[in-house]
Amino acid sequence: VLEKKSAFFGHIKRCTQDLTLINFYSEGDYYEAHTDGFPLTAITFFGSDTEGGNLVFPEYNISIPPRRNRVFVFPGCALHASEPVRHGTKISMAQFMSYQR
(Lines give C-alpha, C1' and ligand atoms only; values in the text may rest on other atoms or scores of the structure.)
Protein backbone atom coordinates (compact mmCIF):
# COMPACT_ATOMS: atom_id res chain seq x y z
CA VAL A 1 0.00 0.00 0.00
CA LEU A 2 2.77 2.45 0.92
CA GLU A 3 4.70 1.70 -2.25
CA LYS A 4 1.71 2.91 -4.28
CA LYS A 5 1.97 6.27 -2.49
CA SER A 6 5.74 6.63 -2.97
CA ALA A 7 8.37 4.57 -4.78
CA PHE A 8 10.62 5.23 -1.78
CA PHE A 9 8.81 2.51 0.18
CA GLY A 10 9.99 -0.09 -2.34
CA HIS A 11 13.18 -0.15 -0.28
CA ILE A 12 11.35 -1.88 2.59
CA LYS A 13 10.75 -5.18 0.82
CA ARG A 14 14.38 -5.29 -0.40
CA CYS A 15 15.95 -4.78 3.03
CA THR A 16 18.09 -7.75 4.02
CA GLN A 17 19.95 -6.39 7.03
CA ASP A 18 19.55 -3.93 9.84
CA LEU A 19 21.38 -2.44 12.77
CA THR A 20 19.22 -1.99 15.86
CA LEU A 21 19.88 0.35 18.79
CA ILE A 22 17.85 0.76 21.98
CA ASN A 23 18.01 4.35 23.25
CA PHE A 24 17.26 5.68 26.74
CA TYR A 25 16.87 9.44 27.10
CA SER A 26 16.62 10.95 30.60
CA GLU A 27 15.56 14.49 31.45
CA GLY A 28 17.69 16.96 29.49
CA ASP A 29 18.96 14.34 27.02
CA TYR A 30 18.66 15.04 23.30
CA TYR A 31 20.28 14.10 19.99
CA GLU A 32 21.59 16.78 17.63
CA ALA A 33 20.46 17.03 14.01
CA HIS A 34 22.08 14.39 11.79
CA THR A 35 21.48 12.01 8.91
CA ASP A 36 21.92 8.23 8.87
CA GLY A 37 24.02 6.33 6.35
CA PHE A 38 21.27 3.83 5.52
CA PRO A 39 18.41 3.89 2.98
CA LEU A 40 15.76 3.56 5.72
CA THR A 41 15.49 4.44 9.38
CA ALA A 42 12.64 3.30 11.62
CA ILE A 43 12.11 4.74 15.09
CA THR A 44 9.78 2.92 17.51
CA PHE A 45 8.76 4.66 20.73
CA PHE A 46 8.08 2.76 23.97
CA GLY A 47 6.63 4.01 27.26
CA SER A 48 4.31 6.92 27.88
CA ASP A 49 5.60 8.98 30.83
CA THR A 50 7.64 11.38 28.70
CA GLU A 51 7.27 15.08 28.07
CA GLY A 52 9.39 16.48 25.26
CA GLY A 53 11.84 14.35 23.33
CA ASN A 54 10.03 14.86 20.04
CA LEU A 55 11.53 13.47 16.84
CA VAL A 56 12.02 16.53 14.63
CA PHE A 57 12.81 17.11 10.97
CA PRO A 58 14.09 20.72 10.98
CA GLU A 59 14.16 21.14 7.19
CA TYR A 60 10.45 20.31 7.00
CA ASN A 61 9.25 21.88 10.28
CA ILE A 62 7.88 18.49 11.43
CA SER A 63 7.75 17.48 15.11
CA ILE A 64 6.56 14.01 16.17
CA PRO A 65 5.77 13.32 19.84
CA PRO A 66 7.08 10.00 21.23
CA ARG A 67 3.81 8.14 21.84
CA ARG A 68 3.76 4.50 22.96
CA ASN A 69 4.11 1.97 20.11
CA ARG A 70 4.40 4.67 17.45
CA VAL A 71 6.68 3.69 14.57
CA PHE A 72 8.00 6.24 12.13
CA VAL A 73 9.85 5.13 8.96
CA PHE A 74 11.79 7.67 6.91
CA PRO A 75 14.72 8.00 4.49
CA GLY A 76 18.01 7.84 6.38
CA CYS A 77 19.23 10.86 4.40
CA ALA A 78 16.56 13.10 6.00
CA LEU A 79 18.03 15.50 8.57
CA HIS A 80 16.49 14.67 11.96
CA ALA A 81 17.03 15.21 15.69
CA SER A 82 15.55 14.46 19.10
CA GLU A 83 14.46 17.42 21.22
CA PRO A 84 15.41 17.46 24.91
CA VAL A 85 13.32 15.33 27.25
CA ARG A 86 11.61 17.64 29.74
CA HIS A 87 10.20 14.98 32.06
CA GLY A 88 10.47 11.23 32.43
CA THR A 89 12.47 8.76 30.38
CA LYS A 90 12.07 8.26 26.64
CA ILE A 91 12.81 4.76 25.39
CA SER A 92 13.07 4.16 21.68
CA MET A 93 14.40 1.64 19.22
CA ALA A 94 16.22 2.83 16.11
CA GLN A 95 16.53 0.41 13.20
CA PHE A 96 18.82 1.28 10.32
CA MET A 97 17.85 -0.88 7.35
CA SER A 98 19.82 -1.64 4.20
CA TYR A 99 20.29 -4.25 1.53
CA GLN A 100 23.00 -5.61 -0.69
CA ARG A 101 22.58 -5.03 -4.39
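User: Which residues form one aromatic cluster here?

Analyst: Phe 57, Phe 72 and Phe 74 form one aromatic cluster. Keep in mind that this is a predicted model.

User: How do I read a pair of rings?

Analyst: Two values describe a pair of aromatic rings: the distance of the centres and the angle of the planes. By the pairing rule used here, the count is four aromatic pairs. Among them is Phe 57 with Phe 74, an edge-to-face pair at 4.9 Å centre to centre with 80° between the planes. Phe 57 belongs to strand S5 (residues 55–57) and Phe 74 to strand S7, so this pair ties together parts 17 residues apart in sequence.

User: Are Phe 57 and Phe 74 buried or exposed?

Analyst: Both Phe 57 and Phe 74 are buried.

User: What is the strand order of the open sheet?

Analyst: Happy to trace it with you! The order is S1-S10-S3-S7, four strands with antiparallel pairing. S1 (17–25) and S7 (71–75) are the edge strands, each with a single partner, so one side of each has no neighbour in the sheet. From one strand to the next, the twist averages 20°.

User: How many bridges join S3 to S7?

Analyst: Five bridges join strand S3 (residues 40–46) to S7. Leu 40, for instance, has Pro 75 in S7 as its bridge partner.

User: Why does Ser 92 count as buried?

Analyst: Buried means under 20% relative accessible area. Ser 92 has 3% relative accessibility, so Ser 92 counts as buried. Ser 92 lies in strand S10 (residues 90–98), and its contacts beyond four places in sequence include Leu 21, Ile 22, Ile 43 and Phe 45.

User: Where does the charged end of Lys 90 sit?

Analyst: Over the ring of Tyr 25, 4.4 Å from its centre. Arg 14 lies over the face of Tyr 99, 5.8 Å from the ring centre.

Terms used. Residues are numbered from 1 along each chain as its sequence is written. This is a predicted model: local features need pLDDT of at least 70, side-chain atom pairs count only at pLDDT 80 or more; totals for chains, interfaces and linings use all residues. Side-chain values use heavy atoms; hydrogens and water are left out. Two strands pair if DSSP finds at least two bridges between them. Helices (H or I, at least four residues) and strands (E, at least two) are DSSP runs, numbered from the N terminus. Axes are lines fitted to C-alpha atoms, for helices over the stretch in contact, and angles run from 0 to 180 degrees between N-to-C directions. Buried means under 20% relative accessible area, exposed over 50%, partly exposed in between (1.4 Å probe, protein chains only). Contact means heavy atoms within 4.5 Å. Rings of Phe, Tyr and Trp (its six-membered ring) pair if their centres lie within 6.5 Å; planes under 30 degrees apart count as stacked, over 60 as edge-to-face and the rest as tilted. A charge sits over a ring if NZ of Lys or CZ of Arg is within 6 Å of the ring centre and within 35 degrees of the ring normal.
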